[in-house]
Amino acid sequence: MKKIKNHLFINPKKETKKIINFLKKVQKQTGIKKVVLGLSGGIDSTTTLFLLKKAYKKENIFVLYLPYNLSFFKDKNFEEIKKIINLTKIPQENLFVVKLKNSADKIIDEMKVLGKKGLDRLICEIKECFTCPNTDYLNKVRVGNMLARLRMIFLFDTAKKINALVCGTENKSEKFLGYFTRFGDQASDIEPITHLYKTQIYQLAKFLRVPKEIIEKKPSANLWEGQTDEDELGFSYQEADIVLSLYFDKKISTTKIIKMGYKNAKKIISHCKKNSFKEKTPYKIVSDKTKRI
């Protein structure tokens, strides 16, 4: 990461203590002592796991790795995940690997059957969707969203089975940008890092001694091969975090931020506005005579 602006600096030691206290408070309030985490091998989920191990008993932490197909990513992520599990000393029997290929392909097949107006032409097999150079980007996003929601089915079902809560890994940058799948990676019972920008997650990761290769890895949702967050967004988290913090936290106008030298400010804020509906859904009628129960 490049130099971080002063107003984005955090005290990682203080922040870690704050998050640990929060996680322990959740356990006390709910009476639920177990937690389930989807681990991708990226910085957000790995940092979250390092935090969880400080607040939960290791035997009460359950980790799911949910790739489309192990061989699809040449098992690189899985090798890193095994290393993370060893470092955190999470019991090996608490790591579950679930390949989504069979389940996802069946859903795609059913969607093709429903195709009355060319839906079967819009959605191709997942393996073709992710590898064919002629595949429309919209289709990739649609299938990626489906995989994100499918992952949450496995996470929540596992949590139900063992009486646990599902821990999310959303950060403040993704929240403002709307860079998440509704009812997919956004779904969770606990969100311990959602108040921190992406660049602040990096600071926390270094303090927690997250492996260097995880910190240096390009952020990705691992929804298709070669996919990265910053390629999709069209700007870096480094720049986005500065613009987002100036606009939302310091209430500085887009025009002034551009004059400060951040040429992508308009693009970043427009991205936020375009996706702001995600935070407002579901839209509903609110009674002005709502009774308290």
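**Notebook: a proline, a threonine and a pair of helices**

I began with P282, which sits in the segment that follows α15 (277-280). Since I am working with a predicted model, I note each value as something computed from it. The peptide bond leading from T281 to P282 is cis, and its omega is near 0°. I reminded myself that most peptide bonds are trans.

Next I looked up T88, which belongs to helix α3, covering residues 76-88. Is T88 buried or exposed? Its relative accessibility is 0%, and because buried means under 20%, T88 counts as buried. I then asked which backbone oxygens the side chain of T88 reaches. A polar atom of that side chain lies 2.9 Å from the backbone oxygen of I84, and the side chain also reaches the backbone oxygen of I85, at 3.2 Å. When I left aside the neighbours within four places in sequence, I found T88 in contact with L49, F50, K53 and K58.

From T88 I moved on to K89, which lies in the loop between α3 and β3 (95-97). Phi of K89 is near 60°, a positive value in a residue that is not glycine. I wrote beside this that most residues other than glycine have a negative phi. K89 has a relative accessibility of 63%, and because exposed means over 50%, K89 counts as exposed.

K251 is not a glycine either, yet it has a positive phi of about 60°. With a relative accessible area of 67%, K251 is exposed.

My last entry concerns two helices, α2 (residues 43-55) and α9 (residues 198-207), which pack at an angle of about 45° with their axes 10 Å apart. How are α2 and α9 oriented to each other? Angles under 35 degrees would count as roughly parallel and those from 65 to 115 as roughly perpendicular, so α2 and α9, at about 45°, are oblique to each other. I also noted that the crossing in which α2 passes α9 is left-handed.

I then listed the residues that meet between these helices: from α2 they are I43, D44, T47 and L51, and from α9 they are K198, I201, Y202, L204 and A205. Sorted by class, this contact of α2 with α9 has 6 nonpolar residues, 1 polar residue and 2 charged residues.

Note on methods: Residues are numbered from 1 along each chain as its sequence is written. This is a predicted model: local features need pLDDT of at least 70, side-chain atom pairs count only at pLDDT 80 or more; totals for chains, interfaces and linings use all residues. Side-chain values use heavy atoms; hydrogens and water are left out. Helices (H or I, at least four residues) and strands (E, at least two) are DSSP runs, numbered from the N terminus. Buried means under 20% relative accessible area, exposed over 50%, partly exposed in between (1.4 Å probe, protein chains only). A polar contact is a pair of N or O atoms within 3.5 Å; within protein, one must be able to donate a hydrogen and the other to accept it, and residues adjacent in sequence count only if both atoms are side-chain atoms. Contact means heavy atoms within 4.5 Å. Axes are lines fitted to C-alpha atoms, for helices over the stretch in contact, and angles run from 0 to 180 degrees between N-to-C directions. Angles under 35 degrees count as roughly parallel, over 145 as roughly antiparallel, 65 to 115 as roughly perpendicular and the rest as oblique. A crossing is left-handed if the near helix is turned anticlockwise from the far one by less than a right angle, and right-handed if clockwise. Ala, Val, Leu, Ile, Met, Phe, Trp, Tyr, Cys and Pro count as nonpolar, Asp, Glu, Lys and Arg as charged, and the others, Gly among them, as polar.
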